[in-house]
Amino acid sequence: MNYDKFESLLKILRPHIQKQNTNYRLAISAEERLSVCLRFLTTAISFKALAHEYRMGYSTVLVIVHETCSAIWKYLRPRVMPKPTAELWTKLAKEFETQWNFPNCIGAIDGKHVNIRPPWNSGSQFYNYKKFFSVVLLAVADANYRFIVVDIGAYGRNSDSGILSSSKLGQSLNNNTLDIPPNKCLPGTTEALPHVFVGDEAFPLHEHIMRPFPGSQVSTDAEKKIFNYRLSLARRIVESSFGILTQKFEIFQKRIRMQPKYLDIMILACTCLHNYLRNDEIFENIIETVPINSILQNLEENTVSRENAMCIRDKFKTYFNSCGAVSWQNEMISRS
């Protein structure tokens, strides 16, 4: 983060993190409070070492980090991660089509396990299949490695599909309240197809969620293999976004020792800062504030919707093997 970015961020947060001076002492400045928080998030330094570096009390540093993270999520989020609208979804679809050759794609969805120290008396709830304790960050990323929708707090033992089904994103998809644009014809075709998210095989096949064909089908069908390749090009964006997030904020590279009530806000604040560092555009006029989970209950798969989703996936497959083909796809799948 360069100086101008820091000053711009400070301008947004100053009214909400600046404390009042008293007759007994001068308050810690907003500049120093923000610096302490960013230092913790980017270096994963312990609170004790951080307190020693800044010559503050241990409990003071704790409060500063928690309060600043809350302010970042509450007041920076509407500027760098506004609530998606039909206009925004349309813009994202154009970017995916231009940059990653996947028309009608409005986001890549995936989950990231964040390593934590398990809370007391939590049993195996946070213990995941990777053999460590975690909470899951579920996110949708755009074509430029920015997060569009985030959800945090699910137990590590849950699958991505289960987490999606218990999030408000799943409910919104089921109820058609996500403000997704109407169906649109793929370039060079006359049949309109829905806008979709792309995910891996852990997610359910849905009218608005495309997942790869199973491996047992791909081995004998070149067209399905090409579909999986084209989907993976778009889907890897969210995995790369998690990688960038982890590299910039070293707190994700270690086991986080923090109470759950502070942990969620800290992770969400990091996603906002990630977008802030990547954004060329800040939505200055947006002043909305929302609770943690109000952006993202059940994504139920009935037989009719699943058959419809399979039909949609087949149409995407046909498109990628006909007028939507790219020159290098056959060479790439022949290597695997």
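Mentor: A touch here means heavy atoms within 4.5 Å. Before you ask more: this is a predicted model, where local features need pLDDT of at least 70 and side-chain atom pairs count only at pLDDT 80 or more, while totals for chains, interfaces and linings use all residues. Residues are numbered from 1 along each chain as its sequence is written, and side-chain values use heavy atoms, with hydrogens and water left out.

Trainee: What makes Thr-68 buried or exposed?

Mentor: Its relative accessible area is 0%. Buried means under 20%, exposed over 50%, and partly exposed in between, using a 1.4 Å probe and protein chains only. So Thr-68 counts as buried. You'll find Thr-68 in helix H4.

Trainee: Which residues of H2 and H4 meet?

Mentor: On the H2 side they are Arg-33, Leu-34, Val-36, Cys-37, Phe-40 and Leu-41. On the H4 side they are Val-61, Ile-64, Val-65, Glu-67, Thr-68, Cys-69 and Ile-72. By class, that contact has 10 nonpolar, one polar and two charged residues. Here Ala, Val, Leu, Ile, Met, Phe, Trp, Tyr, Cys and Pro count as nonpolar, Asp, Glu, Lys and Arg as charged, and the others, Gly among them, as polar.

Trainee: Why are H2 and H4 called roughly perpendicular?

Mentor: The axes of H2 (residues 30–43) and H4 (residues 58–80) come within 9 Å and cross at roughly 90°. Angles under 35 degrees count as roughly parallel, over 145 as roughly antiparallel, 65 to 115 as roughly perpendicular and the rest as oblique. H2 and H4 are therefore roughly perpendicular to each other.

Trainee: How many helices and strands does the protein chain have?

Mentor: There are 12 helices and seven strands. Those are DSSP runs numbered from the N terminus, with at least four residues (H or I) for a helix and at least two (E) for a strand.

Trainee: In what order do the five strands of the open sheet come?

Mentor: They run S3-S2-S1-S6-S7, with mixed pairing. Strands S3 (147–155) and S7 (209–210) each have a single partner strand, so they stand at the edges, with one side of each left without a neighbour in the sheet.

Trainee: How do you know that S2 pairs with S3?

Mentor: Two strands pair if DSSP finds at least two bridges between them. Seven bridges join S2 (residues 134–141) to S3, and the two run antiparallel.

Trainee: What makes S2 a mostly covered strand?

Mentor: Eight of its eight residues are buried. Side chains in a regular strand alternate between the two faces of the sheet. In S2, Ser-134, Val-136, Leu-138 and Val-140 are buried on one side, and Val-135, Leu-137, Ala-139 and Ala-141 on the other, which means both faces are covered.

Trainee: Now Ile-251: where is it, and why does it count as buried?

Mentor: Ile-251 sits in the loop between H9 (222–248) and H10. At 6% relative accessibility, it falls in the buried class. Ile-251 touches Phe-40, Leu-41, Ala-44, Ile-256, Met-266 and Cys-270, again leaving out residues up to four places away in sequence. Ile-251 and Asn-115 are 136 residues apart in sequence, yet 9.5 Å apart in space, C-alpha to C-alpha.

Trainee: Which class does Arg-55 get, and which does Asn-101 get?

Mentor: Arg-55 has 80% relative accessibility, so it counts as exposed. Asn-101 comes in at 25%, so it counts as partly exposed. Arg-55 belongs to the loop between H3 (47–54) and H4, while Asn-101 is in the loop between H5 and S1. Arg-55 has a positive phi near 55° without being a glycine, and Asn-101 has a positive phi of about 55°, though not a glycine either.

Trainee: And what share of the protein chain counts as buried?

Mentor: Of its 336 residues, 49% do.

Note on methods:
Axes fitted to C-alpha atoms, helices over the stretch in contact; angles between N-to-C directions.
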